[in-house]
Amino acid sequence: MRVRPFKLNAFEGVGAGQVAYTKLPNGPTYQEIVIASNVSYEYIEKVTIDLGGIHQVGEIIEMTGNDLHRRNNKIQDLIISTTLSEYSHKDSAGDWVYEKMYVIPLGSEEAMTDVGKMLSGLVTLPNDNILLKVALKSGLTSDDTEDGKPPRLTAYAYASASRTERTIIPLIKSHHISVPGQGELDYMNIPADPGIEYRRWWLFTIDNSLQQSGSAYGNVELDTVEIWKDGVREFEEPQWLTEYMQRRAGMSTDSQRYCIDFVRGGWVMADTFKPQHRYELKLRMGVTAQQEGNLRLLTEGFKVVKAQS
């Protein structure tokens, strides 16, 4: 059996306004982690994975409850999981995605080759100290949970066999982009450290559910995105073409998110975007409508820490 599920150790410090945590056992190669809870996504402030030990990287995964939320029991507001998402499956795949089940993707099951699959995932080494943390918002009470009981967190891991060395580290990072008005908008704070490669960037645009939950994303519409590196336009794709190409590849999307997909063809190691530059890297967005609020950008990729032998 290539991937096996097992229950992680119990979370410590579960409570309103607290950061609950559990240490990931060393040895397995983690492909994804599923968190089950009686807490709705509105009360999950942040979920992180902190990598310490031989590679003192810090937070390699950073997602909010909104990011992990699955709307209408079918589709995640952020379709970033490559195994439990409508994005990487046909439309009917969302039928078995449930609320209050939060998936943290660490591997790439859609890889076109076994080499791509084996290179993905979070490899753990003997001296690692890896913490999974869930920050719950203040003000959460038993009246706000699904069953009227104190907040509960349970996590299961899906992991493959251990490896003797770590070649890549998965990365998911969030960014907030201020939108002053309509027209061209440039964002220039995307990490581009040596070894970083990106598979997808996700931009949130219109999302009524987030507005109703008190989010500050507002109502922003984009018609095109471009990526410029050292004065050269590396990527240009309008919204209508993005949707067409995703559906052509058997994927799905909606108007509430904009996916810049560098690995749409399935070559998740070969077709990545390398952001390293000499003097400038910018994401340029064409804003066609804007009321109040900002955009949210999530970047999904990995960092190469050792060349493949």
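When I say contact, or that one residue touches another, I mean heavy atoms within 4.5 Å. Take Gly 195 first: leaving out residues up to four places away in sequence, Gly 195 touches Gln 276, Phe 302, Lys 303 and Val 304. Gln 276 is 81 residues from Gly 195 along the chain, and their C-alpha atoms are separated by 8.4 Å.

Some ground rules. This is a predicted model, in which local features need pLDDT of at least 70 and side-chain atom pairs count only at pLDDT 80 or more, while totals for chains, interfaces and linings use all residues. Residues are numbered from 1 along each chain as its sequence is written, and side-chain values use heavy atoms, with hydrogens and water left out.

Now the overall picture. The protein has 4 helices and 19 strands; these are DSSP runs, helices being H or I with at least four residues and strands E with at least two, numbered from the N terminus. Of the contacts with a separation of 6 or more, 78% are between residues 24 or more positions apart. Buried residues make up 54% of the 309 residues. Buried means under 20% relative accessible area, exposed means over 50%, and partly exposed is in between, with a 1.4 Å probe and protein chains only.

Back to Gly 195 for a moment. It sits in the loop between β13 (183-187) and β14. Gly 195 counts as partly exposed because its relative accessible area is 23%.

Next, the core. A nonpolar core here is a set of buried Ala, Val, Leu, Ile, Met, Phe, Trp, Tyr and Cys residues joined through side-chain atoms within 4.5 Å. The largest one has 63 residues, and those with the most contacts inside it are Ile 33, Leu 132, Leu 203 and Leu 283. Strand β14 gives the most to this core, with 6 residues. As for Ile 33, beyond four places in sequence its contacts include Leu 8, Leu 24, Ile 49, Leu 132 and Ala 157.

Which of their side chains reaches the backbone nitrogen of Val 39? That is Ser 37, at 2.9 Å, and its side chain also reaches the backbone oxygen of Arg 152, at 2.8 Å. These are polar contacts, meaning pairs of N or O atoms within 3.5 Å; within protein, one must be able to donate a hydrogen and the other to accept it, and residues adjacent in sequence count only if both atoms are side-chain atoms. Ser 37 lies in strand β3 (residues 29-37), and it counts as buried because its relative accessibility is 5%. Outside four places in sequence, Ser 37 is in contact with Lys 100, Tyr 102, Glu 146, Arg 152 and Leu 153.

Ser 40 is in the loop between β3 and β4 (44-52). At a relative accessible area of 14%, Ser 40 is buried. Its contacts outside four places in sequence are Lys 100 and Tyr 102.

Is Ser 138 buried or exposed? Its relative accessibility is 62%, so Ser 138 counts as exposed. The residue belongs to the loop between β10 (129-136) and β11 (153-160). Ser 138 is in contact with Ala 16 and Gly 17, again setting aside neighbours within four places.

One backbone remark. Asp 230, in the loop between β15 (220-229) and β16 (232-238), has a phi near 55°, a positive value in a residue other than glycine.

On a 1 Å grid over the protein atoms alone, a cavity is a set of points where a 1.4 Å probe fits but cannot get out; a pocket is an open set with protein on both sides within 12 Å along at least five of seven lines; and lining residues have an atom within 4 Å of a point. Grid points are joined across faces, edges and corners, and a volume is the space filled by probe spheres set on the points.

The search finds 1 cavity of 30 Å³ or more. The largest cavity has a volume of about 60 Å³. Its lining has 11 residues, of which Pro 105, Leu 106, Pro 170, Arg 199 and Glu 300 lie nearest the centre. Strand β12 provides the largest share of that lining, 3 residues.

The second largest pocket holds about 180 Å³ of space. Among its lining residues are Val 57, Glu 59, Lys 173, Asp 193 and Lys 303. Lys 303 is also one of the residues that Gly 195 touches.
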